[in-house]
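Reader: Please take a close look at a single part of this model and describe how it is placed among its surroundings. I would be grateful for the cut-offs behind each term as you use it.

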Protein chains: 2
Amino acid sequence: MERILGIDPGSRITGYGVIDSIQGKIGFVACGVVKTSPDSPFPVRLNQIFDGINEVIQVHEPTVAAVEDLFLATNPRSALKLGQARGAAVVAVMQNGLLVYDYSPKFIKQAVVGYGQAGKAQVQHMVRVLLGLSGSPSNDAADALAVAICHANQFIL
Amino acid sequence: MERILGIDPGSRITGYGVIDSIQGKIGFVACGVVKTSPDSPFPVRLNQIFDGINEVIQVHEPTVAAVEDLFLATNPRSALKLGQARGAAVVAVMQNGLLVYDYSPKFIKQAVVGYGQAGKAQVQHMVRVLLGLSGSPSNDAADALAVAICHANQFIL
């Protein structure tokens, strides 16, 4: 059994999703978001991401992590912000002694929806179906669950 | 008295410099670099930056930190890497309860050399003069000391 923590990093909202992967079957454990205070200085917000991910790990005790890789944003300013947010999240995982796997957005969509150009709603729908959820998680939480499902697929299918 | 930790983040080499600032005078404490293993997976390298900066803080016990902000690199790929490295360094400082101040490269050069477009050699030279060093620190360590000196100037002059 692996308990997989999926993370979709963002400077405003970082999504997380935790699933169990047992002998080819996956099961939902938890999902949610770490929000940062828009009015706080940026270093404080990076620290909120670190603390938030750290707390998720303490509570749900994943055995491995998968983090969505960065797409090349058209706006360099937001790319640099996103990069720093991802660095904060990855380091929070590493400091807990977990291995981190990187997956590109396209690869994740291909693995979960079967189509690399899939939209947000399609990802949300497939995550709900694959995990048998009765409700829809938020976009960011669904993206994070998709990363976790993508990782589960690499080692089982 | 403030003991200022200056950081020049980079995914391969992160420079650090520590100075004391007492009643308008600055004194050299330490400087060096945190190198990451080029052959290691990127999350491991981010973690090496976190651990390295954390160790510098444990050893030299700064009271505040100043981190060079990112310039908008022409290459988006390296900008995203640099962003993640900066995130790892900033979070290492924040986790130690220190305040982090951000300074742009141009602002730092203006403060240390008096000229925002100054070259590496000029920065290195002025850092050496201002701190009364007998030898030249490496480029990355000199840049980190320059960030620290820049921060000292904001609150004394």
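Author: Strands (E, at least two residues) and helices (H or I, at least four) are DSSP runs, numbered from the N terminus.

The model is predicted, so local features need pLDDT of at least 70 and side-chain atom pairs count only at pLDDT 80 or more, whereas totals for chains, interfaces and linings use all residues. Residues are numbered from 1 along each chain as its sequence is written, chains are lettered from A and ligands numbered from 1 in the order in which they are written, and side-chain values use heavy atoms, without hydrogens and water.

Strand β2(A) belongs to an open, mixed sheet of five strands, ordered β3-β2-β1-β4-β5 in chain A. At the edges, β3 (25–35) and β5 (100–103) of chain A each pair on one side only; two strands pair if DSSP finds at least two bridges between them. From one strand to the next, the twist averages 20 degrees.

On one side, β2(A) is joined by seven bridges to strand β1 (residues 2–8) of chain A, and the two run antiparallel. One of the bridge pairs is A:Arg3 with A:Asp20 of β2(A). The hairpin that connects β1(A) to β2(A) passes through four residues.

With β3(A), β2 (residues 13–22) of chain A pairs over 10 bridges, in the antiparallel sense. Here A:Ile13 has A:Lys35 of β3(A) as its bridge partner, and A:Thr14 stands opposite A:Val34. The hairpin of β2(A) and β3(A) has two residues between the strands, and A:Gln23 takes a positive phi near 45 degrees in it.

Within β2(A), A:Thr14 is buried, at a relative accessible area of 0%. Residues up to four places away in sequence aside, A:Thr14 touches A:Ile7, A:Asp8, A:Pro9, A:Gly32, A:Val33, A:Val34, A:Ile49 and A:Ile53, where contact means heavy atoms within 4.5 Å. From A:Thr14 to A:Asp51 the separation is 37 residues in sequence and 12 Å in space, C-alpha to C-alpha.

Helix α1 (residues 42–60) of chain A packs on α2(A) at about 35 degrees, with the axes 8 Å apart. Axes are lines fitted to C-alpha atoms, for helices over the stretch in contact, and angles between N-to-C directions run from 0 to 180 degrees.

A:Asp143 lies in helix α5 (residues 139–156) of chain A and is buried, with a relative accessible area of 10%.

How values were computed:
Buried < 20%, exposed > 50% of the residue type's maximum accessible area, 1.4 Å probe, protein only.
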